[in-house]
Structures are given as C-alpha cells and as structure tokens.
Amino acid sequence: MSKKPYRFHTKPLLLCLFSGLMSGCLGESEGSDGNSHSQGQLLPSGISGLSYQTASTTGTTDANGRFDYYEGETLQFSVGDLLLTTGVPADEMITPLEFFDELRSQLETSPVNSEGLLDHRLTEQALLEDPTLINMTRFLMALNWQDSIQEGEGIEIRQRVIDQLNAALPTLEQGIDFSVGPVTFAAVGLNPSPANILLGKICFYDDIDERCQEPPTQEQIDLAPERPINEEDIDPDTVYREDLISKRDRIVNSRRDLTRFSVEKAEDFLTRELDEITRLFANRYYLDSETASHPATDTAIHSIHVRQIGSTPTLDAMEAVSLRDSEVTIHAYDWQSATVEYFVTGESGGESDLLINFRPQESYRWIKKQLRVIIR
C-alpha cells in the first residue's frame, strides 16, 4: 500500500446459484500455479470503497462489496488510511463478525434452539452485543454517502469521503478506539469522541455545496449588521447577521455524528445481512420432495436425501427430528450420504413434519429443510 494505515486500538459465496438469486455471480478462475482464484463479497448488500489487501493482491471493494483472493489467503481491510482489521480468512461471503478472532471462533459453536436443533443464529445474535463489532458497524454506516440505509441497501463509501477522512485523521489528538463502550465511542457535546470529531470534518455533499464550507464564526456574526425591519431598507449586496446565523445552522446541522446511527440500527442492519446470507446458502440445497405420503400399514423404512444444486452435497454434520414422533419416527441420519431414514408409526389421517438440519462443509451455518409426511 502506498500509505501506512492509520491504526486504532482495538481487539484486534460463490452465490451464483441460478439466475436471479443475486445481482451478480462471484467468480472463480484457475491461476498459473494451480490455485483457485476467487471473488468474495463483504455482506450480501455490500460495503463498497474499502481498501483490501491479501498476500497476492490489493484493491478496493466494488459497488457490490466484492474483492479478489486466492484460496487460503487472509484479508486486511481499511477505510482510507484507517486500518479496520487484519488476518480475516478470505471466503466467498464474509461479515464484520469475522473481522475479530474471538468472535470468529465463537461462530463455530451453535446452541440448541426451541425445536431441539443446533442453530447458528443464536450465536450470531449473541455476538451482536460485542461493543467493538457494533462500534465499527456504526462508524461504517455513518460513512455511507446517504444519511440512512434502507432495507436491502449496502454501505457506499465514496472516494470523496475517503479523501476527507484521510485529511482529517492526522489532526486527531487521539486515535479511534473501536473497543471502548458504545456510549464513550459515540460521545457528543463538549467532549466529542474521536470518531465524532472525524465525522464532523467530513462533508457528505459535492464540494461546491455551501454546506461543505466552514461555518461563519461567532465574531463574523457579531460584526455583521442586523437586517432592517423595513423591506425597502434591505441591501441585496449586504450579508446580514441573520443570514450568517442561518448559514451557520445549515452547515452545522448537515454535519454527521453517530447519534444518527444507533446501536439498534447497527444490530438491525447486521441481522438483516446475516439472515440474507443464511437464505442464500439455504437456496443451494433441497430435498428429494417436500411431502411424502404412506399408508398406515406401511412398515418399511423410507429415506429422504439432501441435494445440492449443480453438485453433490458435502456436509460436516446433520441431525433430524420429528415434530410428532408418535406419528412418524426418525430411524437414522447420516451426514456423509446426506440421508435421513424414517418410518410410519401412526394411524391413518395422522401426519408429522420432519426437520432436517445440516451444516455444509467449511461453513458454520446450519441449514434447515422440512419434509411433511402424511399417513393415509
């Protein structure tokens, strides 16, 4: 990198399923050394404008948050000269939860949900309480060109914002510490936090916009004449005290701070993105059938298989439960063959839903599929 990242103190898919699942497909090609060259993505909605670096390449995440990498590499992410994270294992889809070693390791452990199945979402939601994660997410959201992020929208960090951030970083008396408590990180008033001081130096408008100018000083306002009461006495070429006060208010009110991007908004943003990743991963897999019908006199053991679009599924783990075990009973399940076996135990007219839960290889996410078994 041409510039040394400005450091802070902190704890330190291929989603081309089929047409229409995503706006673009993440690619893969073969390098001259035989290693697979891939394109990953930062969140489904994307975070654009972040500088990234691996052992083989440097670049900037594009409008969809995409980056290039070779299998086995790790990533460093920065916003301008401000280093965000290093040592992030490159993958087809990553999230800010994977920016931090301690959070990344916890993602591998999934508690049991109310259905009796292992569920990674419970761990994800618990990790959203991590202050470093939330502070960094709030900061990145505050750098978005628009002052709000609607559902389905990503974070767009424009070069104009990065240029101003780089210019302001050396003027900070203290570095930005993402590991402090959320209240301290977002402090305003007489003692604003370094993050808010930095945001206050960034104008999120075109450079010719009046709101990007320095606001009039109190001395300039005091020296300006008051606007005459009578309209005929107003000089169109004179800047009056009231004009300067209005200009100052427009400029000051256009400046951002983290109060617009609350802890709750950051949690909601991350929750939407995490749920979307799970949905996209789940869309790769399907069962032989969504329903099955067997006579009550059927004593055979039946099987249902997990399938993967365009490929043979490779799973790391599997489990299955019957919601009405007295009607349909799970006989066995096998993650290696991606198969669940069951048999009918109820009377005619009965039914049960079989919940088939599995974790694809090299992923911490659990995918749940449902089979309805009807007894006739």
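Predicted model: local features only at pLDDT ≥ 70, side-chain atom pairs only at ≥ 80, totals over all residues.
Student: How many helices and strands are in the chain?

Tutor: We're going by DSSP runs numbered from the N terminus: helices are H or I with at least four residues, strands are E with at least two. On that basis the chain holds nine helices and 18 strands.

Student: Take helix α4 (residues 159-168): what do its buried residues pack against?

Tutor: The buried residues of α4 are Val161, Ile162, Gln164, Leu165, Asn166 and Ala168. Contact here means heavy atoms within 4.5 Å. The partners of those buried residues are β7 (74-79), β8 (82-89), α3 and α6 (194-200).

Student: Which residues does aspartate 119 contact, leaving aside its neighbours within four places in sequence?

Tutor: Aspartate 119 sits in the loop between α1 and α2 (120-127). It counts as buried because its relative accessible area is 11%. With those neighbours left aside, the contacts of aspartate 119 are Ser110, Pro111 and Asn113.

Student: Which cysteine forms a disulfide with cysteine 203?

Tutor: The rule is a pair of cysteine sulfur atoms within 2.5 Å, and it gives a count of one disulfide. Cysteine 203 is buried, since its relative accessibility is 3%. The link is left-handed, with -75 degrees about the S-S bond. At 2.0 Å between the sulfur atoms, the partner is cysteine 212.

Student: Are the rings of phenylalanine 67 and tyrosine 69 stacked, edge-to-face or tilted?

Tutor: Rings of Phe, Tyr and Trp (its six-membered ring) pair if their centres lie within 6.5 Å; planes under 30 degrees apart are stacked, over 60 edge-to-face, and the rest tilted. The structure holds nine such pairs. In this one the centres are 5.8 Å apart and the planes at 45 degrees, so the pair is tilted.

Student: What plane angle does the pair of phenylalanine 178 and phenylalanine 185 have?

Tutor: Phenylalanine 178 is buried at 0% relative accessibility, and phenylalanine 185 is buried too, with a relative accessible area of 3%. Their rings are 5.4 Å centre to centre, and the pair is tilted, with planes at 35 degrees.

Student: Which ring does the charged end of arginine 211 sit over?

Tutor: A charge sits over a ring if NZ of Lys or CZ of Arg is within 6 Å of the ring centre and within 35 degrees of the ring normal. Arginine 211 is partly exposed, at 29% relative accessibility, and its side chain also meets aspartate 209 in a salt bridge (2.9 Å, N to O). At 3.7 Å from the ring centre, its charged end sits over tyrosine 205.

Student: Why are aspartate 101 and arginine 104 separated by about one helical turn?

Tutor: They form a salt bridge, with the closest N and O atoms 2.4 Å apart; the term covers a side-chain nitrogen of Lys or Arg within 4 Å of a carboxyl oxygen of Asp or Glu. Aspartate 101 is partly exposed at 46%, whereas arginine 104 is buried at 19%. The separation is about one helical turn because both lie in helix α1 (residues 101-106), three residues apart.

Student: How many residues apart are arginine 260 and aspartate 147?

Tutor: Their side chains meet in a salt bridge at 3.4 Å, N to O. The pair links distant parts of the chain: arginine 260 is in the loop between α8 (241-254) and α9 (263-282), aspartate 147 is in the loop between α3 (131-142) and β10 (155-156), and the residues apart number 113.

Conventions:
Residues numbered from 1 in each chain as written. Heavy atoms only, no water. Buried < 20%, exposed > 50% of the residue type's maximum accessible area, 1.4 Å probe, protein only.
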